[in-house]
Amino acid sequence: MSSPDLPTRGPARPGPYVISGILLLAAIVVPLFVPAYSFDNPRLYGIPYFYWYQMAWIPVTAALVGISYWLVTREDRRRREAVRDEARAGEER
């Protein structure tokens, strides 16, 4: 039913993509800003701050990537449904 002339997705809203980009940018840039965590103290169970701060970013980054994925897939689903709804409306005429 699909051909090169028929679109597979409707128009995109920029909001979900912008939010996803900001979340992913934060997950990349914040851990790269070393002066924010280049300290020995405070220690957590004898582990210097430098190490446990980096380890704390692992679940935070996983959560940010998961939220970004959810936003983009939800927007993609909405765009695909918009084309399907338009095609159904065209068939009913």
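I began with the side chain of D40 and found a polar contact of 2.9 Å that joins it to the side chain of R43. A reminder to myself: this is a predicted model.

**Entry 1: around D40.** Where does D40 sit? I placed D40 in the loop between α1 (14-32) and α2 (49-92). Next I looked up its cover: D40 has a relative accessible area of 39%. That value lies between the cut-offs of 20% and 50%, so D40 is partly exposed. I then left aside the neighbours within four places in sequence, and D40 was in contact with P48 and Y49. I also checked R74, which is 34 residues from D40 in sequence. From C-alpha to C-alpha, D40 and R74 are 42 Å apart in space.

**Entry 2: a patch on the surface.** Which residues form the nonpolar patch? I noted L25, I28, V29 and L32, with about 410 Å² of accessible area together. With a relative accessible area of 44%, V29 is partly exposed.

**Entry 3: pairs of rings.** I reminded myself that a pair of aromatic rings is described by the distance of the centres and the angle of the planes. How many aromatic pairs are there? My count came to seven aromatic pairs. One of them is F39 with Y49, a tilted pair at 6.4 Å centre to centre, with 40 degrees between the planes. F39 lies in the loop between α1 and α2 while Y49 lies in helix α2, so this pair ties together parts that are 10 residues apart in sequence. Are the two partners buried or exposed? F39 counts as partly exposed at 44% relative accessibility, whereas Y49 counts as buried at 16%.

I went on to Y53 and W57, whose ring centres are 6.5 Å apart. Their planes stand at 65 degrees, so I wrote this pair down as edge-to-face. Y53 and W57 both lie in helix α2, four residues apart, which is about one turn of the helix. I looked up the cover of each: Y53 is buried, with a relative accessible area of 16%, and W57 is buried with a value of 16%.

**Entry 4: the cluster.** Which residues form the aromatic cluster? I listed Y37, F39, Y49, F50, Y51, W52, Y53 and W57 as one cluster. Y49 was already in my notes from the first entry, as a contact of D40.

Definitions and conventions. Residues numbered from 1 in each chain as written. Predicted model: local features only at pLDDT ≥ 70, side-chain atom pairs only at ≥ 80, totals over all residues. Heavy atoms only, no water. Helix = DSSP H or I, 4+ residues; strand = E, 2+ residues; numbered from the N terminus. Buried < 20%, exposed > 50% of the residue type's maximum accessible area, 1.4 Å probe, protein only. Contact = heavy atoms within 4.5 Å. Polar contact = N/O pair within 3.5 Å; in protein donor to acceptor, adjacent residues only side chain to side chain. Patch = residues over 30% accessible without salt bridge, like charges linked within 9 Å, V, L, I, M, F, W, Y side chains within 5 Å. Areas by Shrake-Rupley, 256 points an atom, 1.4 Å probe, with all protein chains shown as cover. Salt bridge = Lys/Arg side-chain N within 4 Å of Asp/Glu carboxyl O. Phe/Tyr/Trp six-rings, centres within 6.5 Å; stacked < 30°, edge-to-face > 60°.
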